[in-house]
Protein chains: 2
Amino acid sequence: MSTLEPPPAAGVSGTAPALTLDDVRAAAQRLAGVAHRTPVVTSRTLDARTGATLLLKAENLQRMGAFKFRGAYNAVRSLDDAARAAGVIAPSSGNHAQAVALAARLSDTRAVVVMPTDAPVAKREATVGYGGEVIGYDRGSQDRDLIAAELIAERGLTLVHPYDNLNVMAGAGTTALELIEDGGPLDVLVVCLGGGGLLSGCATVARALLPAVRVVGVEPVASDDWQRSLAAGEPVTVTVGPTIADGQMLPRPGRLTWQVAGPLVDQVVTVTDEQIASAMRWAFERLKLVLEPSGASALAAVLAGQVDVAGRRVGVTLSGGNVDLGTFARVTSSVRAPTTA
Amino acid sequence: MSTLEPPPAAGVSGTAPALTLDDVRAAAQRLAGVAHRTPVVTSRTLDARTGATLLLKAENLQRMGAFKFRGAYNAVRSLDDAARAAGVIAPSSGNHAQAVALAARLSDTRAVVVMPTDAPVAKREATVGYGGEVIGYDRGSQDRDLIAAELIAERGLTLVHPYDNLNVMAGAGTTALELIEDGGPLDVLVVCLGGGGLLSGCATVARALLPAVRVVGVEPVASDDWQRSLAAGEPVTVTVGPTIADGQMLPRPGRLTWQVAGPLVDQVVTVTDEQIASAMRWAFERLKLVLEPSGASALAAVLAGQVDVAGRRVGVTLSGGNVDLGTFARVTSSVRAPTTA
């Protein structure tokens, strides 16, 4: 087992799920008054287009701009006092890095983020802005996991994995808990899917509260590891192609997220970059909301007709909005928003 | 008195205000379940920058993308059955046109919108999309008010003025009512100011519920008619210069809005186009919200330090988000967002 691999989850060998509704409820208590209770946004034009009742959970309005804050904060607050005092470490160049940095600052401890030296300056600055210590590495010549392992050994840091961590999943699951509490019962829940942390938490909540709910994950065509893994009946590794959905470029389901979400998810559908960009444009024009590519993927699947929603109450995660204006303008400039007038 | 001038308001000759909290509460009842109860958005980075507690009322998430829906709907629903059945008319090329069109459709009646033939295609299409009948006129050779007067006489339509109408003001005032109900008491209320409908409604509510509140209006430098009128102690007419704030290009306070808001407003401040564009960029990057120029003006005043907010609880209207992506990218491309990290 590598240093960075998570420990076996409770219940993996038995029939009990590794993650429970109670875990998510406990996370909700930790997050109360700290995370934003983000609004559930509705659009009558979207409902008219789809023939469904769409309930959009606007996690782009979450602290640091994405649902990731929920899981990172829950994980940091779940550490015992000694571990929390020693600090945490996250190998990430994306939203998880910022989430862990902010969670650590709010918990009076420190976060170390291991990030490639060629990561966008904005991501690095944002992480530093939230109080994180950034350790750079060269993608070509250095092994990120080895660097992290050395830091863990030297400084007594605790790894907060971006998704393969039960506390991270439980925190992410509060997204669906709030969506159902505020938006009412759902027939379908459509979730943005990368490593599977959000899907694991949300599927656990939805299935526990609404046994008949249909849970759909959405990943980019260029990174269809979950779809292929479900078809194979076991985790498979794919070659990730280029995609604008930088938060979902993962070659293989997480070990724990596969165990938790695999049995709960009914379907995984894929979306193209063009469908994602079109959904970003539609959200800008009609919802007045800024979504990053990965954060728009679930909405893109609905707008593109990839999910059967007609006549149903459908929850959709808008999972993040961290995209700079230049990138936003570039990726959306060549597409039209779907017509919903 | 021209055909389009509103009738004298109740209470104008006496000491009683022409608009009361009860009028706004009645509007809130009409709007319940029809208008969105938009979220009150907070930002810890904004609070840290300003030393204040900022409560941002996100009316860009309102139906048809701006607070204007509230007033238009309240006005249409306040008509008696015969007048409502005959239909309404609005001379407007902006958000009020769309608001009246949507309000009429929801009230099973028709709206006629008198719009210059050179109005942006998107505005025309949006109005038609909401079911409005657009009557075009040539700015150079035709008189809009005369065209409207003829249509009123011919078809028995009722004028719904964009701001100089007590029911429009009352509807707009529900913005502040919700802000105070959901966000708690305020020391300062900062309101986007064009014709003064939003200011009239919001100032009436705020002063009634919070007698010590400081009410601040914000208009573009290029259209500083309220600021100059307050200095003069009477309404004055200004020459409106070019500005990106297309919803606030009005040369003179409304007759009724001056009567209602004039005695209630403590201060009117002005913002430049650059300050507005900078606030739009900041809202995109940090709030993940799309604001149109006029909708960002109150926020711009706070970010630019034009309003004394330190140590106070401050409500701010984000009054609309109807801006196309190309325009948004163009006006924000040359400015930086204020630093709030």
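The report below takes up the relation of the chains, then the sheets, and then the packing of helices.

**Relation of the two chains**

The model is predicted, and the description that follows should be read with that in mind. Two copies of a chain are related by a rotation about an axis and a shift along it. Here, chain A is superposed on chain B by a rotation of 180 degrees with 0.0 Å of shift along the axis, at an RMSD of 0.0 Å. That is the relation of a two-fold axis. Within chain A, the residue that comes closest to the rotation axis is A:Leu289, whose C-alpha lies at 2.5 Å. Because 100% of the interface residues of chain A are also interface residues in chain B, the copies meet through the same surface.

**The six-stranded sheet of chain B**

Six strands of chain B form an open sheet with mixed pairing, in the order S1-S2-S10-S7-S8-S9. Its edge strands are S1 (40-41) and S9 (267-271) of chain B, each of which pairs on one side only. S1(B) is joined by two bridges to strand S2 (residues 53-58) of chain B, and these strands run antiparallel; B:Val41 stands opposite B:Leu56 of S2(B). Helix H9 (residues 197-209) of chain B lies across strands S7 (188-192), S8 (214-220) and S10 (313-318) of chain B, and it runs at about 165 degrees to S7(B).

**The four-stranded sheet of chain B**

Another open sheet of chain B is formed by four strands in the order S5-S4-S3-S6, and here the pairing is parallel. Strands S5 (133-137) and S6 (158-159) of chain B stand at the edges with a single partner strand each, so one side of each is left without a neighbour in the sheet. Five bridges join strand S4 (residues 111-116) of chain B to S5(B), the two running parallel, and B:Met115 has B:Gly136 in S5(B) as its bridge partner. Helix H5 (residues 95-106) of chain B packs on this sheet, where it touches strands S3 (88-91) and S4 of chain B, and its direction makes about 165 degrees with that of S4(B).

**Helix H3 of chain A and its partners**

In chain A, the axes of helix H3 (residues 68-77) and helix H5 (residues 95-106) come within 8 Å and cross at roughly 45 degrees, which makes H3(A) oblique to H5(A). H3(A) passes H5(A) in a right-handed crossing. On the H3(A) side the contact includes A:Phe69, A:Ala72, A:Tyr73 and A:Val76, and on the H5(A) side A:Ala99, A:Val100, A:Leu102 and A:Leu106 are among the residues that take part.

H3(A) also packs against helix H8 (residues 166-183) of chain A, at an angle of about 135 degrees and with the axes 7 Å apart; the two helices are therefore oblique to each other. This crossing of H3(A) past H8(A) is right-handed. Among the contributors to the contact are A:Arg70, A:Gly71, A:Asn74 and A:Ala75 of H3(A), together with A:Asn167, A:Thr174, A:Thr175 and A:Glu178 of H8(A).

The make-up of each contact by residue class is set out here.

| H3(A) with H5(A) | nine residues | two residues | two residues |

Terms used. Residues numbered from 1 in each chain as written. Chains lettered and ligands numbered in written order. Predicted model: local features only at pLDDT ≥ 70, side-chain atom pairs only at ≥ 80, totals over all residues. Heavy atoms only, no water. Axes fitted to C-alpha atoms, helices over the stretch in contact; angles between N-to-C directions. Parallel < 35°, antiparallel > 145°, perpendicular 65-115°, else oblique. Left-handed = near helix turned anticlockwise from the far one by under 90°. Contact = heavy atoms within 4.5 Å. Nonpolar A, V, L, I, M, F, W, Y, C, P; charged D, E, K, R; others polar. Least-squares fit on C-alpha atoms with pLDDT ≥ 70 in both. Pairing = 2+ DSSP bridges.
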